[in-house]
Amino acid sequence: MGTTVAARQVFRWTVRAASSSSSSLLSPPLTWRCLLQPPHAGCGLFCSSSSRSPLQSSHHSHPVSPVSETPVTELSPQSLADMGFTETQAEQMLETASKARGGRAAGHALSTLTALLALGLNPSSVLKLLHKCPEVCSVKESQLQQRVGNLRKLGLVEGSLQRVVAHYPQILTVPVKTVKHVVVLLREKCLFTAPQVTDILRESPAIVLEDLAQVEFLFQYVYFRMGVKQAEIIKSRLFRYSLDEVRCRHCFLERRGLYQTPDKKGQTIIINPKLDSILNVDQNAFLTAVAKASVEEYDVFQRLVAKEWLEEEKDKGSINADGTDSEVEEEDEDEEEETGGRSGYIKTRKR
């Protein structure tokens with residue numbers, strides 16, 4: 001009995017000290033409550049909520065709160081709601097993140113979403129972006145920041161950067177090293193200036209995933225075979241099109257006498273249509289305004305030229321198999337003399 005009275009007296013002193021001190025918000029030490037507890041007695045006297053002050057009660061109940069048990073980095077409806085996503089958008093976002101690489105992206109999806117929002121995209125734009133390319137969820141935040149930083153260094157400033165990412169989010173899945181290889185090709189082999197490279201990345205971002213050999217050959221075909229210079233190539237958004245598309249329309253015009261390869265001085269007998277008017281129109285507009293031909297004529301031409309190109313590929317394969325490369329090299333040297341020594345593109349001979 002004396003032990004119980006003594007314990008109560010110590011507790012009263014402790015409560016008085018806590019209430020008189022404005023700086024102390026902690027309850028009596030846990031060791032006191034345990035040592036002063038009577039043997040074989042329950043915790044009702046010292047541990048029940050009725051014997052604690054309001055500050056003590058809130059302090060000790062906080063660690064068992066369900067919110068505190070949820071990791072900060074976990075992608076959840078609540079974390080998405082805090083970011084500004086609606087309930088419907090949050091459900092769609094969780095579904096998209098779970099599908100990305102079989103759900104392995106969930107570990108850092110929250111930090112990736114935070115980085116995308118920090119880029120200046122709103123929740124609706126981020127959701128559309130991830131619908132186009134769920135793989136973005138699998139990109140770590142550090143990698144995302146490096147890739148965005150590299151795009152900024154290449155001249156994609158605010159506004160342009162956001163439009164490129166929203167239109168072609170796959171660019172965020174491409175390593176910095178790969179993008180640098182594309183830039184080196186455009187600068188050193190295609191002789192585009194730095195601002196022109198920026199224009200290409202802004203207007204044709206899919207170039208970062210194209211085969212570099214095909215990109216180079218497409219440029220060489222347009223530059224040497226069609227005689228189009230870099231400024232007009234940029235204006236025409238050439239790198240949005242495949243070599244077959246460009247070659248087919250060009251050859252159709254050429255065989256109809258409506259296009260002529262410029263001579264060494266860049267001159268032609270006829271006025272060639274601009275590359276922009278050849279490429280940046282649908283087929284009907286191209287045939288009506290540029291080629292002056294019918295759909296039937298163009299369809300027949302496409303079938304014939306596809307057969308020709310297939311035979312050319314077979315002939316090249318047979319030449320390589322026969323080991324007669326020396327004859328081809330001599331023809332190439334003659335053609336280089338005719339074109340003023342321009343290397344990189346070999347003009348295809350008509351058979």
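At what angle do helix α16 and helix α18 pack, and how far apart are their axes? Keep that in mind while we look around.

**Before you start**

This is a predicted model, in which local features need pLDDT of at least 70 and side-chain atom pairs count only at pLDDT 80 or more, while totals for chains, interfaces and linings use all residues. Residues are numbered from 1 along each chain as its sequence is written, and side-chain values use heavy atoms, leaving out hydrogens and water.

**The whole protein**

Show everything as a cartoon: you will find 20 helices and zero strands. Helices (H or I, at least four residues) and strands (E, at least two) are DSSP runs, numbered from the N terminus. Of the 351 residues, 34% are buried, where buried means under 20% relative accessible area, exposed over 50% and partly exposed in between (1.4 Å probe, protein chains only).

**Stop one: α16 and α18**

Select residues 243-255 for α16 and residues 283-291 for α18; these helices pack at an angle of about 25°, with their axes 12 Å apart. Axes are lines fitted to C-alpha atoms, for helices over the stretch in contact, and angles run from 0 to 180 degrees between N-to-C directions. That angle makes α16 roughly parallel to α18; angles under 35 degrees count as roughly parallel, over 145 as roughly antiparallel, 65 to 115 as roughly perpendicular and the rest as oblique. Now show side chains: Arg249, Phe252 and Leu253 of α16 are in contact with a group from α18 made up of Gln283, Phe286, Leu287, Val290 and Ala291. Contact means heavy atoms within 4.5 Å.

**Stop two: α8**

Next, select residues 109-118, helix α8, and colour its buried residues: Ala109, Leu110, Thr112, Leu113, Ala115 and Leu116.

**Stop three: Lys153**

Lys153 belongs to helix α10. Is Lys153 buried or exposed? Lys153 is exposed, with a relative accessible area of 74%. Draw a C-alpha to C-alpha distance from Lys153 to Thr198: the two are 9.7 Å apart in space and 45 residues apart in sequence.

**Last stop: α12 and α13**

Finish with residues 176-189 (α12) and residues 194-203 (α13), which pack at an angle of about 135° with axes 10 Å apart. These two helices are therefore oblique to each other. Zoom in to see Val183, Leu186 and Arg187 of α12 meeting Ala194, Val197 and Ile200 of α13.
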